[in-house]
Amino acid sequence: MEVCKVAADIYSEFMEVAINIILYWRNVYPAGAFEKGKIYNIPVHIAVHPEVQSYIENCIKIIHKLIENNEVEQVVICIFDRTLKPIEQFIFDIKIPTIHTLDENNCFLDVELALRSFCLKIATFSGIIEPDPLAFCFAVQLHTKESTGAALAFNEDVADEMQLYIIRTKKEG
């Protein structure tokens, strides 16, 4: 089993759910723009607007590719106000386990339980923290290694896709 491939599948599924949950609970779009679904045996709201769905799907494809190659360090969901000033960020550190730390017997169960816990916590916090009336739009930022960011900038195959996303790089060292 290739650890990065499995990690990419798990993180990508989780990020798709997390983005939708954040958009719903932070009131970025009206409640009518979502429909109820279920994942990790809990109810979630999934965006049904075609442009929002397309943006999320494209983000997830790129996130999956980068995680599969162990090239992404963080995924950040940014919420902006009408002036495009960031008003809130959700930061997800991406850590790929090494083959030595991976215990196949409980790895997937642990990850699913952690993801389920996140989904429940954000729903709980949303009942405590009022939706931000300034929330207007969002973006997904990918924090990569410096060499990955430079390579993506010169890759014509992803150049058009990458125009949709804010890519930041961290210094390798």
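**Briefing on a predicted single-chain model**

Residues 24 or more positions apart account for 74% of the contacts in the chain with a separation of 6 or more, where contact means heavy atoms within 4.5 Å. This is a predicted model, in which local features need pLDDT of at least 70 and side-chain atom pairs count only at pLDDT 80 or more, while totals for chains, interfaces and linings use all residues. Residues are numbered from 1 along each chain as its sequence is written, and side-chain values use heavy atoms, with hydrogens and water left out.

**Architecture and surface**

- The chain holds five helices and six strands, and its order along the sequence is α-β-β-α-β-β-α-β-α-α-β. Helices (H or I, at least four residues) and strands (E, at least two) are DSSP runs, numbered from the N terminus.
- Of the 173 residues in the chain, 43% are buried. Buried means under 20% relative accessible area, exposed means over 50%, and partly exposed lies in between (1.4 Å probe, protein chains only).
- The accessible surface of the chain is about 10,200 Å², and carbon and sulfur atoms contribute 54% of that area. Accessible areas come from the Shrake-Rupley method with a 1.4 Å probe; for residues, only the protein chains shown count as cover.

**Second largest pocket**

- By class, six lining residues are nonpolar, two are polar and three are charged. Ala, Val, Leu, Ile, Met, Phe, Trp, Tyr, Cys and Pro count as nonpolar, Asp, Glu, Lys and Arg as charged, and the others, Gly among them, as polar.
- Beyond its neighbours within four places in sequence, I46 is in contact with N20, A33, F34 and E35.

**Cysteines**

- The count of disulfides, taken as pairs of cysteine sulfur atoms within 2.5 Å, is zero.
- The closest cysteine sulfur to that of C78 is in C137, at 9.9 Å, which is too far for a bond.
- C78 is buried at 1% relative accessibility, and C59 is buried at 2%.

**Loop residues**

- Most residues other than glycine have a negative phi.
- N27, in the loop between α1 and β1, has a positive phi near 65° and is partly exposed at 38%.
- N70, in the loop between α2 and β3 (72–80), has a positive phi near 55° and is partly exposed at 34%.
- N41 sits in the loop between β1 (34–39) and β2 and is exposed, with a relative accessible area of 61%. N41 and R116 are 75 residues apart in sequence, yet their C-alpha atoms are 8.0 Å apart in space.
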